[in-house]
Amino acid sequence: MILKNTLSVPVDTLIIGGSGFVGSKIVSEATKVADSEIAYTYATRKVDLLARAYQVKMEEGGALERCILETKPRVVIYCAVPFMDQALHKTVSVEGVKRTLTKLAGVNPSARFIYMSTNAVFSGARGPCRESDLPDPESRHDPYREYALTRAEGERIAQKMWANTIIVRTSNVDGRDIHGNLNSRLAFSVERLRLGQALPRFCNRQISPTLVDNLAAALLEVIHPSFSYTGVLHIAGSQQITDYEYAKLLARQIGVDENLVEEDFDDTPSNISLNVALTQRLLQTRLLNVAEQLAVTFPT
């Protein structure tokens, strides 16, 4: 159901999935841009932001289409992700994209579509991964396989259905939400370390930690009318590092014994880090390394 705004009023940017950790940060930063009208969707929890809010549950028909019809957006950022709900993976990551683009075609066929994807679409056999590398989620045999398969299918559908599409892949996004709270993954690590408890982390898996603020800033450049690139774009931190090395740097930043971080080994060594060289050439926003990200999150 649409909670408000019964009149059709076009917006500059519509963020689908705007109440989550990443989505709400994008909404928050987008509302700071002068003369920019922003709208976002949420499933159950509306966030306190200066933007038009629409309740959209992907498993229920109609609300998504009515939202797009009413807002007629110039840009759609699709970052709805049912990460922990496997039953909704296909509904959100695949069917939701089809429904969005089908409706958008009749409302604003020149709109830009940004599909927020993930490094999880890669198995980790050949990283660091470039934009030209083909996803291989079928090679994953872990709890994230279904998630990876549907995200890769969402990428494929977006590129097939909409010419003015950018697939934005990111990786291991951490930081503070719009209320200043740490995201759950980072909060768990910090709590264990501050309690003096051991923190096992993989030392044979390469990742690209990303600061949510840095990701949002880069996306504001991507949705600017002057940005003409289409295709796949990797927006992530500039440093490729193991989970173990990241946790060590975290311990040092918050002033606890880094020996609490213990080596752990994934069954299959992998490199799911993202090469961001192309992105850095295209954008003015500088993608931060891990030390810079942690300094922003935990200022001394």
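Begin by selecting Asp-12, which is partly exposed, with a relative accessible area of 23%. Please bear in mind throughout that this is a predicted model.

**First stop: a salt bridge between separate segments**

Asp-12 forms a salt bridge with Arg-74, and their closest N and O atoms are 2.8 Å apart. Asp-12 belongs to the segment before strand S1 (13-16) and Arg-74 to the loop between H2 and S4, so the pair ties together parts that are 62 residues apart in sequence. Arg-74 is also partly exposed, with a relative accessible area of 26%.

**Second stop: helix H1**

Select helix H1 (21-30). How many of its ten residues are buried? Seven of the ten are, and H1 is therefore mostly covered. The buried residues in H1 are Gly-23, Ser-24, Lys-25, Ile-26, Val-27, Ser-28 and Ala-30. Show S1, S2, S4 and H6 as well, for the buried residues of H1 pack against these elements.

Now select Glu-29 and Lys-32. Their side chains meet in a salt bridge, with 3.0 Å from N to O. Glu-29 counts as partly exposed at 23% relative accessibility, whereas Lys-32 is exposed, with a relative accessible area of 58%.

Select Ile-114 and Ile-235. These are the residues with the most contacts inside the largest nonpolar core, which has 37 residues. At least two residues of this core come from each of helix H1 (21-30), strand S2 (38-42), strand S4 (75-78), strand S5 (112-118), strand S6 (165-170) and helix H6 (212-222). Which element gives the most to this core? It is H6, with five residues.

Keep Ile-235 selected and display its surroundings. Beyond its neighbours within four places in sequence, Ile-235 is in contact with residues including Val-168, Arg-169, Thr-170, Leu-215, Ala-218, Leu-219 and Val-222. Thr-210, Thr-279 and Leu-287 are also among its contacts.

Next, select Leu-14, Leu-88, Val-92 and Ile-167. These residues are included in a second, separate core of 29 residues.

Select helix H2 (residues 63-71) and helix H3 (residues 89-107). Two packed helices are described by the angle between their axes and the distance between the axes. Here the angle is about 30° and the axes are 9 Å apart. H2 passes H3 in a right-handed crossing.

Show the side chains where the helices meet. From H2, select Leu-64, Glu-65, Ile-68 and Leu-69; these meet Gly-96, Arg-99, Thr-100, Lys-103, Leu-104 and Val-107 in H3. By class, this contact has five nonpolar, two polar and three charged residues.

Select Lys-248 and Glu-258, whose side chains meet in a salt bridge of 3.9 Å, N to O. Lys-248 lies in helix H7 (residues 243-254) and Glu-258 in the loop between H7 and strand S13 (261-264), ten residues apart. Is Lys-248 buried or exposed? At 11% relative accessibility it counts as buried, because the limit for that class is under 20%. Glu-258, at 25%, counts as partly exposed.

Key:
Residues are numbered from 1 along each chain as its sequence is written. This is a predicted model: local features need pLDDT of at least 70, side-chain atom pairs count only at pLDDT 80 or more; totals for chains, interfaces and linings use all residues. Side-chain values use heavy atoms; hydrogens and water are left out. A nonpolar core is a set of buried Ala, Val, Leu, Ile, Met, Phe, Trp, Tyr and Cys residues joined through side-chain atoms within 4.5 Å. Buried means under 20% relative accessible area, exposed over 50%, partly exposed in between (1.4 Å probe, protein chains only). Helices (H or I, at least four residues) and strands (E, at least two) are DSSP runs, numbered from the N terminus. Contact means heavy atoms within 4.5 Å. Axes are lines fitted to C-alpha atoms, for helices over the stretch in contact, and angles run from 0 to 180 degrees between N-to-C directions. A crossing is left-handed if the near helix is turned anticlockwise from the far one by less than a right angle, and right-handed if clockwise. Ala, Val, Leu, Ile, Met, Phe, Trp, Tyr, Cys and Pro count as nonpolar, Asp, Glu, Lys and Arg as charged, and the others, Gly among them, as polar. A salt bridge is a side-chain nitrogen of Lys or Arg within 4 Å of a carboxyl oxygen of Asp or Glu.
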